[in-house]
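The sequence and structure are shown first.

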Amino acid sequence: MEHAVVEGESFSPDCSTLLMPALSIGNVGQLAVDLLVSSSRARRVAYLDEPSVLPCAGNDAFGPDAVGDLALALEAYESPSHRLAFIQQRSPIITGMVVSFAKNVANFISSIEKDHVVILSSLDSGKRRIIDASSDMQVYYLSSCNEDGSDPKCENLGWKKLEEYDPSQQRWKCLASLVEGGHLSEDMTGDPEEMTINDYYSSLPFAALFSACKAKGLKVTCVLCYCSEGDNMPESFQLAEAACKLVAQGPEQFHGNGSNGWTIPLSWKSVYGPPPDLSIF
């Protein structure tokens, strides 16, 4: 992965924790990172050039005004006052290149010497085995702290370990082998019609990023929630708040213009397009 540092900017060793999304259903991880970047008033420090990510360009995502400052597919941000770094991804990975993307990201993060990688992502609620009837969103996690993916710190936050993570299961072993430079052997491919529910989780981008970062010796935590397609802004607020708890940063420290200290990104105003022309009614 190549990167072009923004003029006058540089990567700060003080921003030792890096948060980034893993693309999935509902784009909750991307929305949460948008919210965190906007609310922490992080500055863009680099444009990232990754051949496995589809190119895209748009107007300034954070504002406060759309002044024509381009937002590209993959960018790095830092907030020195909160000691946080971010990578934002705005377009999908090319089919078949998820592992290559994950390896390149892990190599890049290792090269800029970040201590902790936090991956924010969502899971398809249709894949849930047990339906949680409570009104609050349940946060799930996966951590490199222990071989089974558990982490006492996450448990103390009331989160549940992703039960579907099993490093001894065939497809998780396959993924670990691929990110370490192995090849896809015939016994690893299996029959698509025989894929189990566990295979769904190991096929997602968060799993590849987790495995690649872990293989590089990085401390990595995935923060996950279930959702469906639709308006997932409420889930993004809750996922962003969960990330704040993990890195010991409260939203109220951001001093944003929204509720609980959040600053709503400018780009969110056009998520559903302009309002309808009232003359049609």
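This is a predicted model: local features need pLDDT of at least 70, side-chain atom pairs count only at pLDDT 80 or more; totals for chains, interfaces and linings use all residues.

## Nonpolar cores

The largest nonpolar core holds 47 residues, and the members that touch the most others are Ile 109, Ile 119, Leu 123 and Phe 206. Helix H7, residues 205-215, supplies the largest share of this core, with 7 residues. Another core, of 36 residues, lies apart from it; Leu 31, Phe 62, Trp 159 and Cys 244 are among its members.

In soluble globular proteins, nonpolar side chains tend to be buried together.

## Helix H7 and Phe 206

Of the 11 residues in H7, 9 are buried, which leaves the helix mostly covered. The buried residues are Pro 205, Phe 206, Ala 207, Ala 208, Leu 209, Phe 210, Ser 211, Ala 212 and Cys 213. After H7 comes Gly 217, with a positive phi near 80°.

When residues up to four places away in sequence are not counted, Phe 206 touches Ala 22, Ile 119, Ser 121, Leu 123, Leu 142, Leu 162, Tyr 201, Cys 222 and Leu 224. Two of these contacts, Ile 119 and Leu 123, are named with Phe 206 among the core members that touch the most others.

Ile 280 is found in the segment after helix H8 (233-246). The relative accessible area of Ile 280 is 61%, so this residue counts as exposed, the cut-off being over 50%.

How values were computed
Residues are numbered from 1 along each chain as its sequence is written. Side-chain values use heavy atoms; hydrogens and water are left out. A nonpolar core is a set of buried Ala, Val, Leu, Ile, Met, Phe, Trp, Tyr and Cys residues joined through side-chain atoms within 4.5 Å. Buried means under 20% relative accessible area, exposed over 50%, partly exposed in between (1.4 Å probe, protein chains only). Helices (H or I, at least four residues) and strands (E, at least two) are DSSP runs, numbered from the N terminus. Contact means heavy atoms within 4.5 Å.
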